[in-house]
Amino acid sequence: MNRTVAVSMVSGPAQALAEVVELEKDGRLARYQYLPAIKADLLHRLGRSAEASIAYRQALELTGNDAEREFLAERLSGPHRA
C-alpha cells in the first residue's frame with residue numbers, strides 16, 4: 001500500500017491505480033479500509049468521479065474511526081467531491 005502512494009507521486013495516478021487493482025485481488029486486504037480510500041483518491045485524480053464515489057463509500061463502510069469517516073464523507077460530498 002505504501003508503495004502505491006510513492007508510485008502515484010513518481011509515475012502518476014494511473015500507474016498507482018493499476019497496483020491497487022492488483023492488491024484488490026489479494027483476499028487478505030478485502031476488509032482493509034485504506035485500500036478503497038486510496039483507490040478513491042486515485043480515481044478522483046484521474047477524473048473518474050462515479051468510480052471514485054463508489055470507492056469512497058466502500059471505505060466509509062469499512063472504517064470505524066470517526067475522524068476517518070468524517071474525512072471520507074467530506075471527500076465524497078465536499079469541495080473535493082469525487
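Reader: Is K39 buried or exposed?

Author: Buried means under 20% relative accessible area, exposed over 50%, and partly exposed in between, with a 1.4 Å probe and protein chains only. K39 has a relative accessible area of 18%, so K39 is buried. This is a predicted model: local features need pLDDT of at least 70, side-chain atom pairs count only at pLDDT 80 or more, and totals for chains, interfaces and linings use all residues. Residues are numbered from 1 along each chain as its sequence is written, and side-chain values use heavy atoms, with hydrogens and water left out.

Reader: Which side chain meets K39 in a salt bridge?

Author: Side chains of opposite charge can pair when their charged atoms come close. A salt bridge here is a side-chain nitrogen of Lys or Arg within 4 Å of a carboxyl oxygen of Asp or Glu. K39 pairs with E24, at 3.0 Å from N to O. The pair links distant parts of the chain, with K39 in helix 3 and E24 in helix 2, 15 residues apart. Helices are DSSP runs of H or I with at least four residues, numbered from the N terminus. E24 is partly exposed, at 34% relative accessibility.

Reader: Which residues does D41 join into one network?

Author: D41 forms a salt bridge with R75, the closest N and O atoms being 3.4 Å apart. That pair links helix 3 to helix 5 (residues 66-77), across 34 residues. Salt bridges that share partners join D41, R45 and R75 into one network. The R45 to D41 bridge has its closest N and O atoms 3.6 Å apart. R75 is buried at 13% relative accessible area, whereas R45 is partly exposed at 41% and D41 is partly exposed at 27%. The structure holds seven salt bridges.

Reader: What is A59 in contact with?

Author: Contact means heavy atoms within 4.5 Å. Leaving aside neighbours within four places in sequence, A59 is in contact with Q33, P36, A37 and L72. A59 lies in helix 4 (residues 49-62) and is buried, with a relative accessible area of 0%.

Definitions and conventions. Helix = DSSP H or I, 4+ residues; strand = E, 2+ residues; numbered from the N terminus.
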